[in-house]
Amino acid sequence: MDMQWSARGEAARDRILAAAAEELAETGDIEVASVARRAGVSAGLPYRYFGTRSGLVSAVVSAFYDRLDDAVTNREFDGETWYDRERARVMAWVGHLYDEPLAPVVLSGLGADADAAGIEMRRLHAAIERGARNIARGQRDGDLPYDRDPELFVAAVLGGVRTAVAVALARTPRPDRARVAAELWAFVAGAADAPGRTS
């Protein structure tokens with residue numbers, strides 16, 4: 001919903017969104033009445049701001065991806081080569097998801113909610129598009145072989161690392177994040193056909 005709210009209304013909306021994120025992280029689902037209780041608002045107020053339960057779920061998922069984009073996907077990492085920059089990105093990606101309370105739920109899929117699934121698909125395609133430009137840059141710089149299709153490469157890598165992190169987050173106890181990041185970087189560098197670049 002694209003509406004303008006007063007400062008008080010924005011504060012209430014933010015409180016509802018935070019309560020919904022907590023509910024989803026703790027229970028794996030969102031029940032609007034429970035979210036309203038958590039946020040300390042009337043049972044009908046979430047509907048005023050988000051329209052439907054699905055609208056609330058979608059807002060939570062969008063906020064999750066906004067944080068991921070700011071921390072990792074849209075960030076420029078320092079490094080002389082593609083390998084230096086992308087190794088830093090993989091480490092940051094794993095670290096961010098390990099610290100993100102919603103990651104286990106969102107990465108395991110919210111397929112039952114069609115709107116949320118649509119948001120996830122759009123964000124994935126945006127990440128693939130950005131990643132493909134990144135791969136093309138590495139090819140132009142001579143860091144990556146030219147026989148890789150940038151879009152296919154990124155789609156395969158994103159699918160693999162996303163699934164691997166989802167598996168790691170679901171384990172009890174969780175594996176050490178540094179080890180997970182190192183293994184994922186070895187996978188990415190290997191997929192890029194970079195002998196000796198996995199460390």
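Reader: Leaving aside its neighbours within four places in sequence, which residues is Asn134 in contact with?

Author: Asn134 touches Trp82, Glu86 and Arg89. Contact here means heavy atoms within 4.5 Å. Before we go on, please note that this is a predicted model, in which local features need pLDDT of at least 70 and side-chain atom pairs count only at pLDDT 80 or more, while totals for chains, interfaces and linings use all residues. Residues are numbered from 1 along each chain as its sequence is written, and side-chain values use heavy atoms, with hydrogens and water left out.

Reader: Why is Asn134 called buried?

Author: Buried means under 20% relative accessible area, exposed means over 50%, and partly exposed lies in between (1.4 Å probe, protein chains only). Asn134 has 16% relative accessibility, so it counts as buried. You will find Asn134 in helix H7, residues 114–140.

Reader: And what makes Gly109 partly exposed?

Author: Its relative accessible area is 37%, so Gly109 is called partly exposed. Gly109 sits in the loop between H6 and H7. Its C-alpha atom is 8.9 Å from that of Glu120, eleven residues away along the chain.

Reader: How many helices and strands does the protein have?

Author: The protein has nine helices and zero strands. Both are DSSP runs, numbered from the N terminus: helices are H or I with at least four residues, and strands are E with at least two.

Reader: Why is H1 called roughly perpendicular to H4?

Author: Two packed helices are described by the angle between their axes and the distance between the axes. The axes are lines fitted to C-alpha atoms, for helices over the stretch in contact, and angles run from 0 to 180 degrees between N-to-C directions. For H1 (residues 7–27) and H4 (residues 53–73), the axes cross at roughly 85 degrees and come within 10 Å. Angles under 35 degrees count as roughly parallel, over 145 as roughly antiparallel, 65 to 115 as roughly perpendicular and the rest as oblique. That is why H1 is roughly perpendicular to H4. The contact involves Ile16, Leu17, Ala20, Ala21 and Leu24 of H1 with Leu56, Ala59 and Val60 of H4.

Reader: What classes do the residues of the contact of H1 with H4 belong to?

Author: There are eight nonpolar residues, no polar and no charged ones. Ala, Val, Leu, Ile, Met, Phe, Trp, Tyr, Cys and Pro count as nonpolar, Asp, Glu, Lys and Arg as charged, and the others, Gly among them, as polar.

Reader: What makes H5 oblique to H9?

Author: H5 (residues 82–99) and H9 (residues 177–191) pack at about 140 degrees, with their axes 9 Å apart. That angle is why H5 is called oblique to H9. Among the residues making the contact are Trp82 and Glu86 of H5 and Trp185 of H9. By class, the contact of H5 with H9 has twelve nonpolar, one polar and four charged residues.

Reader: Which residues of H2 are buried?

Author: In H2, Val32, Ser34, Val35, Ala36 and Ala39 are buried. They pack against H1, H3 (45–50) and H4. After H2 comes Gly40, with a positive phi near 70 degrees.

Reader: How do you know which helix has the highest confidence?

Author: We look at pLDDT, the predictor's confidence in each residue, from 0 to 100. The highest mean is 97, in H2 (residues 32–39), and the lowest is 92, in H6 (residues 103–108). The protein averages 91, and 93% of the residues score at least 70.
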